[in-house]
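Hi there,

Here is the structure I promised to hand over. Have a look at it first, and then read on for what turned up.

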Amino acid sequence: MRDKDIRDALRQAVLRQGRGDYAFAEATYSRILRASPAHPEANFRMGLLAAAAREFADAVCFLEKAVLADPSSPNYAFELCHTQAILGRTEEALEGFRSTCARLRSGDVQLADNRQLIPAARLVAHLLARRQYCLCLELVAALPDALVSAELLAHAASAFMQLGDARAAAGQLRKALPRAACAEDAAQLHSRLLSSLVACDDVTPVALHAEALRWDGLHGLSPMPPSAPAKSSPDGGLPRLGIISRSFRRHTTATILLPLLPELARHFTLFAYCDERLQDDYTVRYKSLFKGWRDVSALSEVEAASCIRADRLDILMDINGHLEAARPRILTCRPAPVQVHYMGGPMSLGLASVQYRISDNFADPVDCSSADSSEEILRLPRCMFAFRPLGETADPGPAPELANGYITFGSCNALCKASDTTLAMWKAALDAVPGSRLEVVRDVFDSDPGARALFERRLGRAGIDLSRVGLRSQSSTQLHSMVAYSGFDITLDSYPYCGATTTLDSLWMGVPVMGIKGGRFSTRTSASLLEAVGLGELACDDMDSFVTCVRGMCAERDRRVRLRAELGRRVVEGELGNFASLADAIATALGKTFPVVA
């Protein structure tokens, strides 16, 4: 084949490949390679086809030939690195990535356009999925800063959150925002920024709310024309309540939502709007509890809003917030006349389109300032949560102190919640109780060799004696069985982003939770839960009262032994186990927003 024939054939094959005609493309690339075995683009394209067919060993062979023929192409090199990593040849992949980045920095190689960095982002995503967080950060840092895409910065932010540095994650997301590829990406990056700021102890409630309002101003969509609510007889006269969530699957929200839905069905006709493509056996259970099930995960935000609007809801309940790649822009379309947020986030959404937020008198006291909430707060007369474990749980066993002879403090909270204030609180507890130890349990300590060293350095900088700290990992099975709590005498909470499900887990296992409550919702969830089991005094007002309370609790061995035996029963028999009472309270509160509900 002449050079011109090769160019024409290659152009046609790439075009047909883009249209899904892989057989034609493969035949053409093979014909080119018979004429010119070292042709870099033909080898590269054959490598992509092989990788798409999951024939990764063949893909590496083709990509190696492409890189050898044209070592100046970052695209070829990064695609080879990504495919080597998939094959488990991680060291080769990392070496090749570092080498290519060094040549980019020196100017030896040039990017034709930023699309050539797509395989680099795939490699970082691959490592992220395998919980190799420190390597993710190393690779992103190796690239010239001007070339780092919003996607790569978002991956770095995820790694920082998993490693316990919410402030650094926020920094990455701020850099990513102006580099977003489209408006929807920008909105999701900004939502992730808000979620990271919640865990930063140097961000005030007013500043956090201002950022939420800024999100609404930047990303909100135009409201849809109002639709008339459906008050028709086919629903038995019950108002229509829609619930939009990304968590209709095995997720911590199922400990609250799954048992709550049958009770809510006494008051409402329920519709679900599933905004998550990942589904499992829990999804099947959820589907059985709704009259209408709509999968909106493949729809655009406006299409999803139109789908919701077509059901003529009376109320739309959001349990996504700004968490987990949620799409709050759907809410800004105002597809329902009344929109309320519940459970899915530790802050006000800041959306003018969401009129209400469900809380309670302890998580959001009336005397606290409402300057950091754009919604009217519907305060339930009882705890806003209830709880039922997802499956069988471990036996709490006797208090560890009885065998060890010392107090063991523990934490299972996400590391991103381990702010400087949290570490100071942990240090204060250890200092207050001589001989005590702290166990921090997160799976990252096993999956990423560098995570342990990083967190130990943070503990050391906080003045914590590392000889008194154990960093342990747990499997997903151990996580759901709550077995870690059997090794704790007392669970220490986090600040300013306190526990919720982890607090419930601890109480279920008979382990009291101690921490500091502040003036905003994210610092007071545990306070509400503790109040529900008669331990409200363990949510302290400040560090001094926290230290006093810790000393008192550690001195009362008989009380702790008694709590270990009865706390789980308090959860089951009290309001935390009463889903009917919670549903009634929610229905009454919503009745103030829509008269037919009451």
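Before the first finding, a word on terms: an axis here is a line fitted to C-alpha atoms, for helices over the stretch in contact, and angles run from 0 to 180 degrees between N-to-C directions. Helices (H or I, at least four residues) and strands (E, at least two) are DSSP runs, numbered from the N terminus.

Please keep in mind that this is a predicted model, where local features need pLDDT of at least 70 and side-chain atom pairs count only at pLDDT 80 or more, while totals for chains, interfaces and linings use all residues. Residues are numbered from 1 along each chain as its sequence is written, and side-chain values use heavy atoms, with hydrogens and water left out.

Two helix pairs

Helix H24 (residues 543-555) and helix H25 (residues 557-573) have axes that come within 5 Å and cross at roughly 80°. The two are therefore roughly perpendicular to each other (angles of 65 to 115 degrees count as such, under 35 as roughly parallel, over 145 as roughly antiparallel and the rest as oblique). In contact terms (heavy atoms within 4.5 Å), Met-553, Cys-554 and Ala-555 of H24 meet Arg-557, Arg-559, Arg-560 and Leu-563 of H25. The residues of this contact divide into 4 nonpolar, no polar and 3 charged. Here Ala, Val, Leu, Ile, Met, Phe, Trp, Tyr, Cys and Pro count as nonpolar, Asp, Glu, Lys and Arg as charged, and the others, Gly among them, as polar.

Now for helix H5 (residues 74-86) and helix H7 (residues 118-129): their axes are 8 Å apart and they pack at an angle of about 20°. H5 and H7 are therefore roughly parallel to each other. On the H5 side, the residues that meet H7 include Phe-78 and His-82, and on the H7 side they include Leu-123 and His-126. The contact residues of H5 with H7 divide into 7 nonpolar, 3 polar and 2 charged.

Two residues to look up

Is Ser-191 buried or exposed? Ser-191, in helix H11 (residues 183-198), is buried, with a relative accessible area of 2% (buried means under 20%, exposed over 50%, partly exposed in between, with a 1.4 Å probe and protein chains only). Not counting residues up to four places away in sequence, Ser-191 touches Trp-215, His-322 and Pro-328.

Arg-388 sits in the loop between strand E7 (376-380) and helix H17 (400-404). Its relative accessibility is 45%, so Arg-388 counts as partly exposed. Leaving aside neighbours within four places in sequence, Arg-388 is in contact with Thr-255, Pro-259 and Phe-579.

Enjoy exploring!
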